[in-house]
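Please read the following alongside the sequence and the coordinates. The text moves from the whole chain to selected elements.

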Amino acid sequence: MRRISANFLALMFICAIGSVFYVWSALESRLERHKRGFTLPGGALPADLSSKTFRALLAVPVAPKKAHLGSRNVTDHTLGNSHYHLNGYNKRQGDPVKLEGSPLEEGVFWSERLEELLPVGFKEDDARDWREKAREYHIVKLEPGCGRISNQLATFEDGSKACVRYGINSDQVQGETLTYYLASLLGITNLPPLVLSQLSTDSEQWQNVRTRVEGLQWSERAVVSLTQWVSNLTGVVTPAPLRQESSGLHPSLKQLRNQSVEELLELMQWTDLIILDYLTANFDRLVSNLFSLQWDSRIMERDTNNLLRAPGGLLVFIDNEAGLVHGYRVLDMWEKYHKTVLSSVCVFRQRTAQRVAELHRRRDARTRLMEVYRDSEPLSFHMGFLSDEHAALLQERIDTLHKHILHCKAKYKQL
């Protein structure tokens, strides 16, 4: 009897510890979200932060200046404009506009008409320009403002900003970086520009914040990522077709015909997000929400982790550190949720599907990702690349995704 009682008490203790861990993790996540939108009493924002600024990553200068870091590509035009003037549309902000004709083509692809209205995102030429400057500009200030205390909001000498990610381990920085370049291979332009930098308080770039770096106990010579930062971002709630009570986002969904242009453009970007998160096994977005439904039935009604909206309608995919490296290491725990999310979508951007088909046909995802990564990032050799096992897993997930797209095309070809 005593043995049974002792075992029962031990079981209760383990359950209690597990509950405390879960609650603490949830509180930590909510605290990070709160810090992103932190305001002082009376609604004022902390110094140097614009209104409704969430966690890191992009910078929108007030007015363009010659050689101003980030001034070219972070504009209302680049991130999408809130007024439509294409193909006969003339929308005043706040007025819902319905699409003329079907939102789909060839059964499962978003229409070309919608593609023309989609916010442009971060164009490669502008991103390349930002990366070149971010490697040269001096950092004059480091402060909280990018989520975790280990990350910092950096101010450059020209007043523009970037988020500095100092990973708990190299997996986080490597995963963030490789996800960015995989997205570029897929033609997904929702991720802000990113560069790597090696910490050296004796270097011109870091010497002005030597005291702050030492206070943060960052290791000398560690490689960190700098990601372009933008203000005026707002949270994004999972759209109805992708919630648990829905049958999914598929061509026969009658609700698609009743969506406004803005809602359709957002759904288009969600389909790219789901593809990217599946390929990288990033569990820290929609997948984690799906997992949390067992405790929190209303989690889909709240802002999605690591996803923000720019004023022009662009969805910004931030904090992709869980992708590829770490995501692959813990894949067994999350795979059934990844499969559930992917199976809920049978509508795609044709360009993205074509890129996936090409990577499947050529079976060279590892080679192409390595090439764009090493050609674009001087510190790539220092940071390293995917292991053979993880590179093979990436190709396998590309093949599975391609098969899923073909299945959707066959299923809905008559529509």
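Predicted model: local features only at pLDDT ≥ 70, side-chain atom pairs only at ≥ 80, totals over all residues.

Residues are numbered from 1 along each chain as its sequence is written, and side-chain values use heavy atoms, with hydrogens and water left out.

The protein chain contains 14 helices and 10 strands; these are DSSP runs numbered from the N terminus, with helices (H or I) of at least four residues and strands (E) of at least two. Of its 415 residues, 54% are buried, where buried means under 20% relative accessible area, exposed means over 50%, and partly exposed lies in between (1.4 Å probe, protein chains only). Among contacts (heavy atoms within 4.5 Å) with a separation of 6 or more, 73% are between residues 24 or more positions apart.

Helix H7 covers residues 261-280. From first C-alpha to last, the 20 residues of H7 reach 29 Å, close to the expected 28 Å; the expected span is 1.5 Å times one less than the number of residues. H7 is largely enclosed by the rest of the structure, because 18 of its 20 residues are buried. After H7 comes Ala 281, which has a positive phi near 60°.

Ala 281 is also one of the contacts of His 338. His 338 lies in helix H10 (residues 331-343) and is buried, its relative accessible area being 2%. Leaving aside neighbours within four places in sequence, the residues in contact with His 338 also include Asp 277, Tyr 278, Phe 283 and Arg 397.

Strand E9 (residues 303-309) has five of its seven residues buried. E9 pairs in the antiparallel sense with strand E8 (residues 234-237) over three bridges; strands count as paired if DSSP finds at least two bridges between them. Val 237 has Asp 303 in E9 as its bridge partner. E9 also pairs with strand E10 (residues 315-317), again antiparallel and over three bridges, and there Arg 309 stands opposite Leu 315. Five residues separate E9 from E10 in the hairpin that they form, and Gly 313 in the turn has a positive phi of about 105°.

How many disulfides does the rule give? The count is two, a disulfide being a pair of cysteine sulfur atoms within 2.5 Å. One joins Cys 146 to Cys 163, with an S to S distance of 1.8 Å. This pair links distant parts of the chain, 17 residues apart: Cys 146 is in the loop between strand E3 (139-143) and strand E4 (152-156), and Cys 163 is in strand E5 (residues 161-165). The S-S torsion of Cys 146 and Cys 163 is about -95°, so this disulfide is left-handed. Cys 146 is buried at 2% relative accessible area, and Cys 163 is buried at 5%.

Cys 346 and Cys 408 form a disulfide with sulfur atoms 1.9 Å apart. Cys 346 sits in the loop between H10 and helix H11 (350-362), and Cys 408, 62 residues apart from it, in helix H14 (residues 388-411). Both Cys 346 and Cys 408 are buried. Their S-S torsion is about -70°, so this disulfide is left-handed. With bonded cysteines counted along the chain, the pattern is 1-2, 3-4.
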